[in-house]
Amino acid sequence: MTRRSAEDWVGDVLAGDRRALARLITRVENRTPDSHAALAALYPHTGRAYVVGITGAPGTGKSTVVNALTRTLRDRGQTVGVIAVDPTSPFSGGAVLGDRIRMVDLAGDRGVFIRSMANRGSLGGLAATTGDVARVLDAAGFDVVLIETVGAGQSEVDIARMAYTTIVVDAPGMGDDVQAIKAGILEIADILVVNKADRPGAENTVRALRAMLELGHRLRSSLHHGELLLAQPEPDAPAYDFWQVPIVKTVATEHTGLDALADAITQHRAYLDESGLLVERQRAGLEAELAARLREALLARLVHDRTPETLEDVIARVVARQLDPGSAVRALLDGSA
Amino acid sequence: MSEQKIRVLIAKPGLDGHDRGAKVVARALRDAGMEVIYTGLRQTPEMIVEAALQEDVDVIGLSILSGAHMALVPRVFELLRAEGLGDVIVLVGGIIPDDDVAALKELGVSAVFGPGTNTEDTVAHIRNAVASRSAPSS
């Protein structure tokens, strides 16, 4: 067998070949040089899938919600690509990816493609290449791409820049009201899910989340340039109102509440479409991605252009308090270091 | 920035519920720097091969303690070939009578690991098998 390059798979991926899709995703994850050309060739075929993010603390049932939601979307005639991200061990670089355990209902359905990803040390709840893998699934023609983040705490909010609709999954007993008003992950929710809603305390969780939403009710905001801009309602605002984050109760193991969740996604999508925010979100997401990639590339180039001795020398001078970190950066940038 | 990882699917086909061995191996492979996709109990050969295809794994580890290996393993190979995945390395762990080990290897099983196997041996076997597979071709 001769070695095929990732570029050779582009046509097969566009034609719906699942093996080519899986192999191209591996190249993209590994950032092989040939994957860059393949991504460039696929890019004009992207932008059609609707990207939904699912995040939440470990143990809230994200994977089970993904399983049940995918089933519901399939019943509604949509094909679904799933990316499930789990953490890489910081010690060995290995990972155990166990999200498929909860997704057995999706086996044997060719309208579903599930891919597990290790985050490979990336912070923020996703792997560095998750966005590119989502694009490959988009180009392969899936109607919806569901991205499940690692079990996230309060700062893993990258998903909000990638997804058009972000679902935050909570469950009874995960924290008190103060957790609910802390900044962070709850603020990125377009839809809140209280999973395991048949358990004691579910109503308390719903109440705490509703109180949190009401606190922020008067100033809805939209994510822009990675910062929160406060959106002002126009005096002659069109028919749409500001998005009211719904709280959906589910028991994902029993497939209860999933129709309401799928409906909430449809409503949020319609809201984004009618308000023009979908285009704005896509633009803001791409801008943030460009900035992040540029940062990484410039850092790599700078490190490549300076000798290790130069960098060591600068670090040593900073450690010895002869040079402050700000001046060190300026010296490295203008080449005087 | 290119970074290759060995990807391994650990699956338990058949109807027995003993997954401790599979979990120990999954953890050992993780600690050896591999990415392990763990699919859980009661997987059919169809589910295993579908997961192997989607996850683009280098290796499938089948843990079988039910005695049904001579029915399950041939079926896995049949499906792998049908999907064009004939180059995936297949390992079997669990309770396998000595008489069946040769038959499994005849089918294409790369190695059979019984109770008491040192996980380091499993790690070394996977590294060697993946290296010799990807050296001349892909």
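In the predicted model, strand β3(A) runs parallel to strand β2 (residues 35-38) of chain B and is joined to it by three bridges. Strands are DSSP runs of E of at least two residues, helices are runs of H or I of at least four residues, and both are numbered from the N terminus; two strands pair if DSSP finds at least two bridges between them. Within this pairing, A:Val96 has B:Val36 as its bridge partner in β2(B). Residues are numbered from 1 along each chain as its sequence is written, and chains are lettered from A and ligands numbered from 1 in the order in which they are written. Because the model is predicted, local features need pLDDT of at least 70 and side-chain atom pairs count only at pLDDT 80 or more, while totals for chains, interfaces and linings use all residues.

The open sheet consists of six strands with parallel pairing, in the order β3(A)-β2(B)-β1(B)-β3(B)-β4(B)-β5(B). β3 of chain A and β5 (111-113) of chain B stand at the edges; each has a single partner strand, so one side of each is left without a neighbour in the sheet. On average, neighbouring strands of this sheet are turned by 20 degrees against each other, direction ignored. Axes are lines fitted to C-alpha atoms, for helices over the stretch in contact, and angles run from 0 to 180 degrees between N-to-C directions.

Strand β1 (residues 7-11) of chain B pairs in the parallel sense with strand β3 (residues 59-64) of chain B over four bridges, and B:Leu62 in β3(B) is the bridge partner of B:Ala11. Helix α3 (residues 69-82) of chain B packs on the sheet, where it touches β3 and β4 (89-94) of chain B, and its direction makes about 160 degrees with that of β3(B). Helix α5 (residues 119-134) of chain B also packs on the sheet, touching β1, β3, β4 and β5 of chain B, with its direction at about 165 degrees to that of β4(B).

Between the chains, 31 residues of chain A are in contact with 30 residues of chain B, contact being defined by C-beta atoms, placed from the backbone, within 7 Å. On the side of chain A that touches chain B, α2, β3 (95-97) and β4 (112-118) of chain A each supply at least two residues. The largest share of this side, seven residues, comes from α2(A).

How values were computed. Two residues are in contact if their C-beta atoms, placed from the backbone, lie within 7 Å.
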